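Here's a quick briefing to read alongside the model.

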Amino acid sequence: MEIFIQQILNGLSIASVITLIAVGVTLIFGLTGIINFAHGEFLMVGSIVTWLAVSNGWGFPLALCAAVVVVAVMGFALERGLFRFTLDLPTNGFIVSLGLIVVLQHIVILFWNANQKSIPHPLTKVWEVGGVRIAAVRAMVIIVTALVVTLTFFVITRSRYGRALRASVEDRDTAALMGIPVRRYITGVFVFGSALAGLGGALLIALFPITPFTGGTIVMKGFAVALIGGLGNLTGAVAAGLILGIVEGFSAGYGLSQWTDAYSFALMILVLLIRPQGLFGGTSGPRIT
Amino acid sequence: MKTPFRTILPTLVVLVLLATVPWLSPTNRILSLAITAGINIVALYGLSVLFGQTGILSMGHAALMGAGAYAATILARDLGVGFWLAIPLSALVAAAIATIVGFPSLRVGGHHFVILTFAFGQLLTIILTNGGDFTGRATGLDLQAPLTLFGMDLSPLPRFYLLVLGFVALSAVASWAIVHSRYGRTLRAIRENEKLAASLGIDVGRHKIGAFVVSGLFAGVSGVLLTYFLRHISPTQFSSFPSIYLALMVMIGGARLLLGPLAGGILVAFLPEMFNLDPVESRILYGVCLIAVILLLPNGLIAGLLDGWKRLFGRRPASSPAAASRSSVSGG
C-alpha cells in the first residue's frame, strides 16, 4: 500500500508539469486554432532561464518569476511577429511552429551547449508519513500547479473576461460584433499559455535535470494529454494529466521505467481510435474542419 | 499528351546533369552529402504525394524510413536477404506499418493526424530501443551484407551515388505518374475539398490511407538505401526530429512541383557546406528558412521562383498571383 501511494505521489509531480503544458496547449488551440508544437521549447526556455538565474545566485522563487516573465514576453513577440500572420491558415501556423522548434533548440545549444543542466533542489526537506516519503520539492510543484490551474479555471468559468473568451471560442465573428476585442484576446491567451509553459519549465528543472531537447518529449505528452481529454477542454486536460501521471508513476515503480515515455502515446492513440473527440469531449477548434 | 511530359522534362534534365558528378572528381565529402541528399529525396517524393497532392502532413515519416531500414538489416542478418530483394520487401514492411499508422486517420482528421504520426514516430523509437537483441537496443544494428549488381561491387562512393541517383529518378517518375493519373486527380480533389470529393462518391478515408501507404513505400526504399549506405542504424536516427527535417525539406522545396523535393533535399544538404556553417548554425538557418518560406512563399521556393519569373518575364501576367500565393499549403 505504501508503494502504491508513493508511486501516485511521484507520478503526480511530473504529471503537474505536463498538465500545465496541456492547459496552455488546449487554451491556445481553443481560441486561436494555433497548434503550437514549439510550446515544449517555450518550457525548455523557461527551464534555461531558471537555470541561468539560479546559477547567478538568484533565489528559486525569483528565478521562477523571471522564467514566467521571459517566456511570456517571448510568446508575445512570437504571436505578434509570426503566428499572427498564419491565423487564417492553421496548417501554416503549425509548420511555423515546427521551424520554431528547430530555431529555439539550437539557439539555446549555440549559447549554452547541449549538456544536461540542473539546479540544486530549492526545497530539500522530506516528510515521512506512514512509510510514504514526500519530498517537499514535489509537493511544491503539485501545489503550485493546482493553484494556478484552479485560478485559470475560475477566471475562465466565472469572470467577465472568461465569458468573453468563451464567446470568442464559440463564434469569433459574433463576439467581435459584440465589441469583444478578439484579436487582443488571441494575443492575451497566447501570452498566458506561454507564461504557463515558462512556469512549467521552472518547476521541471526543480525536479529533474533538463537538456535543450527536453521540450520535445514534454510537449508530445502535453498534446497527448490535451487530446486524451479533448482538445480545447480544460477539465479534460486536467483529468487526463492526472490519469497519465498515475499510469507513469506505477510503471516507474514496478520496474517498467524504460516504457514510461510510451504510455502517453499509446494511451492517446487508443483514445483517439475509440473516441476521436477525446474522453471528455472537446471543441475541434474555431476554424478547423 | 504533350503537356504532362513537359512537366517531367526539367527534372530529367537535372538528373542527367547530376549523373555526371562522379566524373568531375568530387571529394568524398561532397559525394557523401550528395548520397544523403539523394536518399532523403526518395522519401521526399513520397511525402510530396502525401502532402502536395493529398494535403496530409506526416510528422512520422522518418519512422517509416526506419521501418524500411530495420527490415532490410534484419532480413540480411537473419535470412541472408540481399539488397535487391530487400528493396521490395522492406518497402512493403514500411507500407504495412503506414497502413497501421494511417488507420486512425479514418477517424480523426487534420491536426490530430499530424500529432498522431508524430507520436507514432516517438513510439517506434521507444519500441526499437526496447526490442532487445532483435532490434539491437539503443546501440542499433550493423549491416554486413555486400551490395552488388551482376557481380559488380556497388559500395564505392561514386557507384553508390549513381545507384541512389537511379532510385531518385525512379521515384521522381513514379511520383510524376501518380500525379498525372486518375488516382492523382482523386487525391487532389480530396485536398481541395474533402466534403465535395466525398459527395462525388470518392471514398475519402480509403484514399487518404492509400496516399499514406504509397508514401510509405517510398520511405521504405529510402530506408533500405540508408542502411546500405551507413552500414549502421540506431533508433534515434528515425525519431520525430528527423521527421521534422524531412517535412522541412519538402516544404522549402515545395511539395507540389516535381522539382520541389529535389531542390529541397539538395538545398538542405548543401546549404551549410556552401556557407561554411557548423551543424548548430545550419539548423538555425533551416528553421529560419522554413518560417520565411511559409510566410513569404507558401508554395515553396521553386514555385515562388517560378512565380517571380513568370511575373517578370511572362508574356501575359500570371493568372492571379495574389490568389496563388494565398492558396497556401493548407489542407488536411
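Let's start with Arg231(B): at a relative accessibility of 23%, this residue counts as partly exposed, because the buried class stops at under 20%. Keep in mind that we're looking at a predicted model throughout.

- Arg231(B) isn't a glycine, yet its phi is positive, at about 65°.
- You'll find Arg231(B) in the loop that links α10 (204–230) to β4 (232–233) in chain B.
- Chain A has a case of its own: Asn113(A), also not a glycine, shows a positive phi near 50°.
- Asn113(A) sits in the loop between α4 (90–112) and β1 (126–129) of chain A.
- With a relative accessible area of 39%, Asn113(A) is partly exposed.
- For background, most residues other than glycine have a negative phi.

- Thr227(B) belongs to helix α10 of chain B.
- Its relative accessibility is 0%, so Thr227(B) counts as buried.
- Side chain to side chain, Thr227(B) makes a polar contact with Thr73(B) at 2.9 Å.
- Setting aside neighbours within four places in sequence, Thr227(B) is in contact with Ala69(B), Ala72(B), Thr73(B), Leu143(B), His232(B) and Ile233(B).

**Where chain B meets chain A**

- On the chain B side 41 residues are in contact, and they touch 43 residues of chain A.
- About 3,800 Å² of area is buried between the two chains, with carbon and sulfur atoms giving 83% of it.
- On chain B, the elements that give two or more residues to the side touching chain A are α5 (104–107), α6 (110–129), α11 (240–253) and α13 (279–296).
- Of these, α6(B) gives the most, with twelve residues.
- By type, the chain B side splits into 29 nonpolar, eight polar and four charged residues.

**Helix α5 of chain A**

- Helix α5(A) covers residues 136–158, which makes 23 residues.
- From first C-alpha to last, α5(A) reaches 32 Å, close to the 33 Å expected at 1.5 Å a residue.
- Several α5(A) residues are buried, among them Ala136(A), Met140(A), Val141(A), Thr145(A), Val149(A), Thr152(A) and Ile156(A).
- As a general point, an α-helix has 3.6 residues a turn, so residues three or four places apart point the same way.

Definitions and conventions
Residues are numbered from 1 along each chain as its sequence is written. Chains are lettered from A and ligands numbered from 1 in the order in which they are written. This is a predicted model: local features need pLDDT of at least 70, side-chain atom pairs count only at pLDDT 80 or more; totals for chains, interfaces and linings use all residues. Side-chain values use heavy atoms; hydrogens and water are left out. Helices (H or I, at least four residues) and strands (E, at least two) are DSSP runs, numbered from the N terminus. The expected span of a helix is 1.5 Å times one less than its number of residues. Buried means under 20% relative accessible area, exposed over 50%, partly exposed in between (1.4 Å probe, protein chains only). Contact means heavy atoms within 4.5 Å. Buried area is the accessible area (1.4 Å probe) that two parts lose on being put together, summed over both. Ala, Val, Leu, Ile, Met, Phe, Trp, Tyr, Cys and Pro count as nonpolar, Asp, Glu, Lys and Arg as charged, and the others, Gly among them, as polar. A polar contact is a pair of N or O atoms within 3.5 Å; within protein, one must be able to donate a hydrogen and the other to accept it, and residues adjacent in sequence count only if both atoms are side-chain atoms.
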